[in-house]
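Open the structure in your viewer and keep the selection panel at hand. Each stop below says what to select and what is there.

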Number of protein chains: 2
Amino acid sequence: MSNRIERVEHELPEPPWRTPRKQPARRSLSRETIVEAAMGVLRKEGIDGVSMRRVATELSTGAASLYAHVANKDELVELLFDEVAGEIPLPEPDPARWREQVTQLWVDSRATLLRYRDIARAALGSVPFGPNALRVTETTLQLLRLGGVPEQAAAWSADVVGLYVSASAVEGAMRAQREEGRGQWDDEAGQTQEFLASLPADRFPTFVSLLPHLTSGTEEERFRFGLELLVSGLAALATGPREAGP
Amino acid sequence: MSNRIERVEHELPEPPWRTPRKQPARRSLSRETIVEAAMGVLRKEGIDGVSMRRVATELSTGAASLYAHVANKDELVELLFDEVAGEIPLPEPDPARWREQVTQLWVDSRATLLRYRDIARAALGSVPFGPNALRVTETTLQLLRLGGVPEQAAAWSADVVGLYVSASAVEGAMRAQREEGRGQWDDEAGQTQEFLASLPADRFPTFVSLLPHLTSGTEEERFRFGLELLVSGLAALATGPREAGP
DNA sequence: TTCTATCCACGAACGGCGTTCGTGTCAAAT
DNA sequence: ATTTGACACGAACGCCGTTCGTGGATAGAA
């Protein structure tokens, strides 16, 4: 952070009463400062706002300078993802409450990802193996095992649920972005409603008859519904909550 | 198709023995020809290969010409997605076999999407309301209702499963792309194995102990596992297969 | 048939992107 | 004091989506 301030001052003419170059004026860039700057852009503008040029500008330098610390944009995005994963709150596993805890963990994961706009897209492009993402997976696996979910099922579930959480977060971010782009009069939501209402009931009878149910509920409610399906499916596979192993 | 040929001939000097301009040399572009050309590029190179310039080049014209028929790239991608959705095979609903049919429908959906590389990304960016996508949703809803799944659950499940199928297809496409980019000696898979094997068991005890299970199975097997969780969760909500209403 | 209005194909350009290269400069090692 | 090596950085390359203005062909009116 102090590095950032240093760099900004560097642009101004040196105040002559201060000993110049007390702290290194170079060496101001580092993985950490770059990720920090990128996180700010990410939060404000989403992943498409995070361009090498944009992040570099934030640090008062040129895009080329970043490549000494980061292999390419993909690597930077992976670093960002893991930084975000570090903000997911982890529970203290309690075998008696594994279902509740595992559900909460995934709801929190989705919410945390959403706070950083469409960062979840990074999780669908490359399996997240950063240290913080690993901690989330580790906790997930612990909870499932404590709940008596068999090993193979627990392992594959972690994969499945990661996909589901990421997909839901991406969709949520896209919807938020779309809604943000509209003024309040230009309501795309209304147009969609109108379009759906105009669908021919003879071609899509079930769809039309279920329209009220299809459009009901918030996105988080729908997400929780899917989670519930998955968790109850897992509970059915479980050998009962186990305090000690079989 | 004949339009495409016409355009190509148009580049050559006119053979003087042939009546020129028999068929319209202009009017050669249309939504259909554009989508057709884009589908070819999509299949070969994925969604990132489908640039307006690239598609235009395929039609021996310039990018600007496409904008008379298609609002922008997003709209083109939506058209592509629905075209792909049209290739998903739909079952003849049979109440007795609803679980099997619904599972097969979703497995087929994923496989069809995967045949067109990462086109599934389009489904996460905008809810697919094209006619062909609607037909798939309609069939899904029919099957669930025939199986006795309650209305609200059926409606939300269609949403949930759409997300899951798309996410799985995106992940599969990304993996395929990564594997394609490597020569056979430069095995990233091996490096990943090595990395995972080197993880400290004291920090990620459950993860490490489940490593064999985490890396086992094909991607489709894992996908089917998640599907099974969802479907059995739905079956638990169902009021038994119903030939007639409740 | 001739004129005119409309459509639309298209080249060029704008402002963005990720990435590479070569240069120059500074801090530490000798 | 000199060398050396790391690294900041401007410029450039080749992409991208999209817009604008031009000009030519076509279809309908006269």
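Predicted model: local features only at pLDDT ≥ 70, side-chain atom pairs only at ≥ 80, totals over all residues.

Residues are numbered from 1 along each chain as its sequence is written, and chains are lettered from A and ligands numbered from 1 in the order in which they are written.

**Stop 1: chain A**

Select chain A and colour by secondary structure. There are twelve helices and zero strands; helices (H or I, at least four residues) and strands (E, at least two) are DSSP runs, numbered from the N terminus. Of its 246 residues, 35% count as buried. A residue is buried if 20 or more other C-beta atoms lie within 10 Å of its own, exposed if 12 or fewer, and partly exposed in between, with C-beta atoms placed from the backbone. Among the contacts in chain A with a separation of 6 or more, 72% join residues 24 or more positions apart. Two residues are in contact if their C-beta atoms, placed from the backbone, lie within 7 Å.

**Stop 2: the domains of chain A**

Colour residues 2-70 of chain A as domain 1, and 85-181 + 216-237 as domain 2. These bounds come from an automatic or database domain assignment. Four residues of domain 1 of chain A are in contact with six residues of domain 2 of chain A. On the domain 1 side there are two nonpolar, one polar and one charged residues. Here Ala, Val, Leu, Ile, Met, Phe, Trp, Tyr, Cys and Pro count as nonpolar, Asp, Glu, Lys and Arg as charged, and the others, Gly among them, as polar.

**Stop 3: helices 5 and 7 of chain A**

Select residues 98-115 (helix 5) and 131-146 (helix 7) of chain A; their axes come within 9 Å and cross at roughly 160°. Axes are lines fitted to C-alpha atoms, for helices over the stretch in contact, and angles run from 0 to 180 degrees between N-to-C directions. Helix 5 of chain A is therefore roughly antiparallel to helix 7 of chain A. Angles under 35 degrees count as roughly parallel, over 145 as roughly antiparallel, 65 to 115 as roughly perpendicular and the rest as oblique. By class, the contact has seven nonpolar, four polar and no charged residues.

**Stop 4: helices 7 and 8 of chain B**

In chain B, select helix 7 (residues 131-146) and helix 8 (residues 151-181), which pack at an angle of about 140° with their axes 9 Å apart. Helix 7 of chain B and helix 8 of chain B are therefore oblique to each other. The contact has four nonpolar, three polar and one charged residues.

**Stop 5: between the chains**

Show both chains: 40 residues of chain B are in contact with 39 residues of chain A. On the chain B side, the largest share, 15 residues, comes from helix 8 of chain B. The residues on that side divide into 21 nonpolar, 13 polar and six charged.

**Stop 6: B:Glu32**

Select B:Glu32 in helix 2 (residues 31-45) of chain B. Is B:Glu32 buried or exposed? B:Glu32 counts as exposed, because it has 12 C-beta neighbours inside 10 Å. Its C-alpha atom is separated by 9.7 Å from that of B:Leu79, 47 residues apart along the chain.
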